[in-house]
Amino acid sequence: QVHLVESGGGLVQPGGSLRLSCAASGIIFSVNAMYWYRQAPGKQRELVATITGGGTTVYADSVKGRFTASRDNAKSTVYLQMNGLKPEDTAVYYCSAVHFGQQWGQGTQVTVSS
């Protein structure tokens with residue numbers, strides 16, 4: 001059974017930073033691409049960042065240059081470093097993996113507000 005547990009969300013002022021973590025179990029983590037999504041109120045869930053098993057990253061245009069995904073395969077953990085946060089980054093952030101279907105964590109709330 002796959003478990004994905006996000007942490008690190010919170011309230012931050014515009015321009016601030018947060019680092020999200022996602023601990024994974026139940027998958028062969030090192031070979032799995034991992035995904036970060038977010039969903040703002042009233043909006044569809046959107047893909048923010050992808051990181052392959054080898055560490056190659058792809059970002060949505062809206063976060064490129066501000067967000068950085070990384071992974072520690074020894075800890076089965078993926079991270080999302082978010083810098084230069086904007087109010088429009090406010091959302092619930094989810095990590096995801098594909099393992100017999102798309103698997104989701106419970107999400108962590110990120111609120112960017114002054």
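Two strands are treated as paired if DSSP finds at least two bridges between them. The legends below describe close-up views of a predicted model.

**Figure 1. Pairing of strands S7 and S8 in a four-stranded sheet.** The open sheet has the strand order S1-S3-S8-S7, and its pairing is antiparallel. Strand S1 (3-7) and S7 stand at the edges; each has a single partner strand, so one side of each is left without a neighbour in the sheet. From one strand to the next, the twist averages 15 degrees. S7 and S8 are joined in the antiparallel sense over six bridges. In this pairing, Asp72 stands opposite Thr77 of S8.

**Figure 2. The loop between S7 and S8, with Ser76.** Ser76 is located in this loop. Its phi is near 50 degrees, a positive value in a residue other than glycine.

**Figure 3. The largest nonpolar core.** This core has 30 residues, and those with the most contacts inside it are Leu4, Met34, Trp36, Phe67, Leu80, Met82 and Tyr93. At least two core residues come from each of strand S3 (18-25), strand S4 (34-39), strand S5 (46-51), strand S7 (67-72), strand S8 (77-82), strand S9 (91-98) and strand S11 (108-112). In soluble globular proteins, nonpolar side chains tend to be buried together.

**Figure 4. Surroundings of Met34.** Apart from neighbours within four places in sequence, Met34 is in contact with Leu4, Cys22, Ile27, Phe29, Ala49, Thr50, Ile51, Arg71, Val78, Ser96 and Ala97. Met34 is also listed among the residues with the most contacts inside the largest nonpolar core.

**Figure 5. Arg19 in strand S3.** Arg19 has a relative accessible area of 46% and is therefore partly exposed. When residues up to four places away in sequence are not counted, Arg19 touches Ser7, Gly8, Tyr79, Leu80 and Gln81. The C-alpha atoms of Arg19 and Thr68 are separated by 9.4 Å, although these residues lie 49 residues apart along the chain.

**Figure 6. Asn32 in the loop between S3 and S4.** Asn32 counts as buried because its relative accessible area is 12%, under the 20% limit. Leaving aside neighbours within four places in sequence, its contacts are Ile27, Ile51, Thr52, Gly53, Arg71 and Val98.

**Figure 7. Phe100 in the loop between S9 and strand S10 (102-104).** Phe100 has a relative accessibility of 83% and so counts as exposed, the cut-off being over 50%. Although Phe100 is not a glycine, its phi is positive, at about 50 degrees.

Methods: Residues are numbered from 1 along each chain as its sequence is written. This is a predicted model: local features need pLDDT of at least 70, side-chain atom pairs count only at pLDDT 80 or more; totals for chains, interfaces and linings use all residues. Side-chain values use heavy atoms; hydrogens and water are left out. A nonpolar core is a set of buried Ala, Val, Leu, Ile, Met, Phe, Trp, Tyr and Cys residues joined through side-chain atoms within 4.5 Å. Buried means under 20% relative accessible area, exposed over 50%, partly exposed in between (1.4 Å probe, protein chains only). Contact means heavy atoms within 4.5 Å. Axes are lines fitted to C-alpha atoms, for helices over the stretch in contact, and angles run from 0 to 180 degrees between N-to-C directions.
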